[in-house]
Amino acid sequence: MLSQDKHVQSRILAIVGHPVAAGTTLYKGALTVLGPDNYAAPATRAADLRALGICRKGVDNAGGQDGERVAEVRVDEAARLKNDAVTPVTRAHIGGPCYIVDDETVTADPADTSIAGTVVDLDDHGVWISFK
């Protein structure tokens, strides 16, 4: 417990590097997640993923080992992703979570998937989500 002022290091989070899973290709613009192995991969419908943000540059680690390549992931801004046609996100979801369908699509259906982020807006082209 502190009893006096303490200097704490901090950094502005904009782009964070994450080691990429073996056998993985991440495309620029992909919703990127950490899998149970704690390596970055494209988002997919699974219950054990943690959304990170949007991949800034394509990364080909298809022939590499875990962590051989690093993905630059944008974490500090809202990103527009496709809205699921089956169970779409609506204005009623603003301020709440949306869920992963794949590396470019989100849904309102939480079944058998992970949280993609927080819904901040909707428009005719998709769902704006935040990763904070």
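User: Happy to look at this predicted model with you. Is Glu 77 buried, partly exposed or exposed, going by its relative accessible area?
Analyst: Glu 77 has a relative accessible area of 43%. Buried would need under 20% and exposed over 50%. Because the value lies in between, Glu 77 is partly exposed.

User: Thanks! Which residue forms a salt bridge with Glu 77?
Analyst: The cut-off for such a pair is 4 Å between a side-chain nitrogen of Lys or Arg and a carboxyl oxygen of Asp or Glu. For Glu 77, the closest N and O atoms of the pair are 3.7 Å apart. The partner is Arg 74.

User: Asp 76 also forms a salt bridge with Arg 74; how far apart are the closest N and O atoms?
Analyst: Good one to check. Asp 76 counts as partly exposed at 28% relative accessibility, and Arg 74 counts as partly exposed at 22%. In their salt bridge, the closest N and O atoms are apart by 2.6 Å.

User: Now to Arg 45: with which residue does Arg 45 form a salt bridge, and how many residues apart are the two?
Analyst: The partner of Arg 45 is Asp 109, with the closest N and O atoms 3.7 Å apart. Arg 45 sits in the loop between strand E4 (40-42) and strand E5 (50-55), while Asp 109 sits in the loop between strand E10 (105-107) and strand E11 (115-123). The pair thus links distant parts of the chain, and Arg 45 and Asp 109 are apart by 64 residues.

User: And how many salt bridges does the structure hold?
Analyst: Among them are Arg 45 with Asp 109 and Glu 77 with Arg 74. The total for the structure is eight.

Technical notes. Residues are numbered from 1 along each chain as its sequence is written. This is a predicted model: local features need pLDDT of at least 70, side-chain atom pairs count only at pLDDT 80 or more; totals for chains, interfaces and linings use all residues. Side-chain values use heavy atoms; hydrogens and water are left out. Helices (H or I, at least four residues) and strands (E, at least two) are DSSP runs, numbered from the N terminus. Buried means under 20% relative accessible area, exposed over 50%, partly exposed in between (1.4 Å probe, protein chains only).
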